[in-house]
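Subject: Structure handover

Hi,

Here is the structure for your set. My notes follow below it.

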Amino acid sequence: MDHEILTLLAKEHKRQQDQLSFIASENMVSETLLRMQGNLATNKYAEGYPGHRYYAGCEVLDEIELCAIERAKKLFNVEYVNVQPHAGAQANLAVMLALMNPGDVFMGLTLSHGGHLSHGHKVNISSRCFRSVSYTLGDDEQLDYDQILEIAKQHKPKLIIAGYSAYSRIINWAKFRDIADQVGAYLLADIAHISGLIAAGVFPSPVPYAHVITTTTHKTLRGPRGAIIMTPQDSQIAKLIDKAVFPGTQGGPMMHTIAVKAMAFKEAMTDDFRLYQQQVLDGAKSMCQVFANHGLHSVSGGTDSHQFTLKFRDNHMNGNKAEQLLASANVLVNKNTIPNDPLPPSISSGIRIGTAAAVTRGLTSQDLVTLAENISMVLNNPQDSSEHDKLKQQVLSLTQTYPCYPDLD
């Protein structure tokens with residue numbers, strides 16, 4: 001027994017038990033998925049695809065991968081799925097490698113307005129191998145489709161990315177497809193944050209419009225850490241993506257994780273999962289409104305998803321201070337830039353809040369409303385220790401009421 005690592009994992013279990021996560025990119029898998037992550041498929045190398053492996057002894061793994069593929073196809077109503085990508089950024093890179101040549105132009109929302117590193121940020125490989133052009137949010141802090149069309153016409157990108165890491169509003173997939181068609185571009189829908197909402201039917205699906213769709217499996221989809229790539233119909237694109245994943249950007253797939261992805265897709269097809277996603281959505285809207293009632297406004301003025309970004313416009317608070325202040329009360333959020341942020345990303349003028357993990361844990365709509373009330377008091381009165389203590393006591397009560405994996409050995 002490795003007592004050192006077991007001790008550290010026990011400490012991490014206690015941390016998760018004692019804190020409430022409102023980090024929008026986090027969730028909690030079911031105990032079944034948690035226990036199944038360590039399965040026998042971890043022992044097998046399986047480079048290639050079902051029926052075309054580079055190692056012997058993959059017959060059962062072929063069945064596992066095909067099961068995961070078929071379940072994902074049914075869940076999202078698509079014709080093709082690659083379940084091998086290890087992460088969302090790698091899935092996006094594989095799509096770029098499949099559909100573009102080095103130096104080709106692509107478009108994505110700038111990071112500070114809610115985009116993602118893999119959508120063309122200068123420090124990411126996406127902008128080192130390809131030429132990235134950014135679009136921004138409009139004056140109302142929502143997507144400005146006329147501006148996006150104008151930029152697309154100017155730069156003639158080969159690929160346009162829609163779908164974001166810190167944008168809370170409905171995405172008009174049809175308008176994006178129209179823009180892509182007008183300039184002869186592919187449309188990539190990166191639904192990493194909203195795939196669970198889409199699978200449950202509480203957020204519009206890009207399937208009728210996107211050429212390619214990527215998503216992580218561990219955010220609102222509530223599965224193991226990983227990603228998948230989908231195409232609605234085009235078999236030629238599917239062939240290019242398969243080659244871009246293997247051997248283009250990855251070697252052997254993590255078959256133990258693919259097995260758990262398959263289990264997560266099955267969970268996501270249940271009525272309980274659809275109810276859960278509605279509760280996540282309702283909870284985010286309720287919290288966002290409570291904050292607004294206390295003068296804490298969000299980017300774009302509201303949310304249509306599981307997340308929103310509160311913005312601070314005066315000197316008494318910034319994203320870094322808010323993150324630390326709430327963490328000291330065992331509430332986890334992350335500092336986040338806002339459109340036209342005057343502060344650097346390491347400080348930022350906002351915090352991003354998501355409800356997926358808290359609702360998974362069991363918090364009700366009323367719990368979230370009361371918590372938002374107390375968080376508001378702390379953010380508006382950072383020097384008032386009594387408000388901080390009140391929030392910390394509420395968190396303690398909630399974590400005891402909704403324990404984190406109480407049966408975990």
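Phenylalanine 22 touches Met287, Val331, Leu332, Val333, Arg352, Ile353, Gly354, Ala358, Leu363, Leu368 and Leu371. Residues up to four places away in sequence are not counted there. Contact means heavy atoms within 4.5 Å.

Before the rest, the ground rules. This is a predicted model, where local features need pLDDT of at least 70, side-chain atom pairs count only at pLDDT 80 or more, and totals for chains, interfaces and linings use all residues. Residues are numbered from 1 along each chain as its sequence is written, and side-chain values use heavy atoms, with hydrogens and water left out.

Cores
Phe22 is also among the members of the largest nonpolar core that touch the most other members, with Leu143, Phe176 and Leu379. That core has 93 residues. Its largest share, 9 residues, comes from helix H11 (residues 271-293). A second, separate core holds 23 residues, including Ala91, Ala98, Ala238 and Ala244. A nonpolar core is a set of buried Ala, Val, Leu, Ile, Met, Phe, Trp, Tyr and Cys residues joined through side-chain atoms within 4.5 Å. Buried means under 20% relative accessible area, exposed over 50%, partly exposed in between (1.4 Å probe, protein chains only). Helices (H or I, at least four residues) and strands (E, at least two) are DSSP runs, numbered from the N terminus.

Serine 376
This residue sits in helix H14 (residues 365-380). Serine 376 is buried, at 0% relative accessibility. Beyond its neighbours within four places in sequence, serine 376 contacts Val290, Phe291, His294 and Leu296.

Pockets
The largest pocket has a volume of about 910 Å³. Its lining counts 32 residues, with Glu12, Gln16, Asn27, Leu34 and Tyr405 nearest the centre. H1 gives the largest share of that lining, 7 residues. By class, the lining has 16 nonpolar, 9 polar and 7 charged residues. Here Ala, Val, Leu, Ile, Met, Phe, Trp, Tyr, Cys and Pro count as nonpolar, Asp, Glu, Lys and Arg as charged, and the others, Gly among them, as polar.

The second largest pocket comes to about 670 Å³. Of its 33 lining residues, Leu111, Gly115, His116, Ser165 and Arg352 lie nearest its centre. Its lining splits into 8 nonpolar, 18 polar and 7 charged.

A pocket is an open set with protein on both sides within 12 Å along at least five of seven lines. Lining residues have an atom within 4 Å of a point. Points are joined across faces, edges and corners, and a volume is the space filled by probe spheres set on them.

Cavities
The whole structure has 4 cavities of 30 Å³ or more. The largest has about 60 Å³, and its 13 lining residues include Tyr164, Tyr167, Ile171, His193 and Ile194, the closest to its centre.

Cysteines
How many disulfides are there? The count is 0, where a disulfide is a pair of cysteine sulfur atoms within 2.5 Å. Cysteine 67 has its closest cysteine sulfur in cysteine 58, 17 Å away, so that is too far for a bond. Cysteine 67 is partly exposed at 31%, whereas cysteine 288 is buried at 7%.

Best wishes

Technical notes. 1 Å grid on protein atoms, 1.4 Å probe; cavity = no way out; pocket = protein on both sides within 12 Å on 5 of 7 lines; lining within 4 Å.
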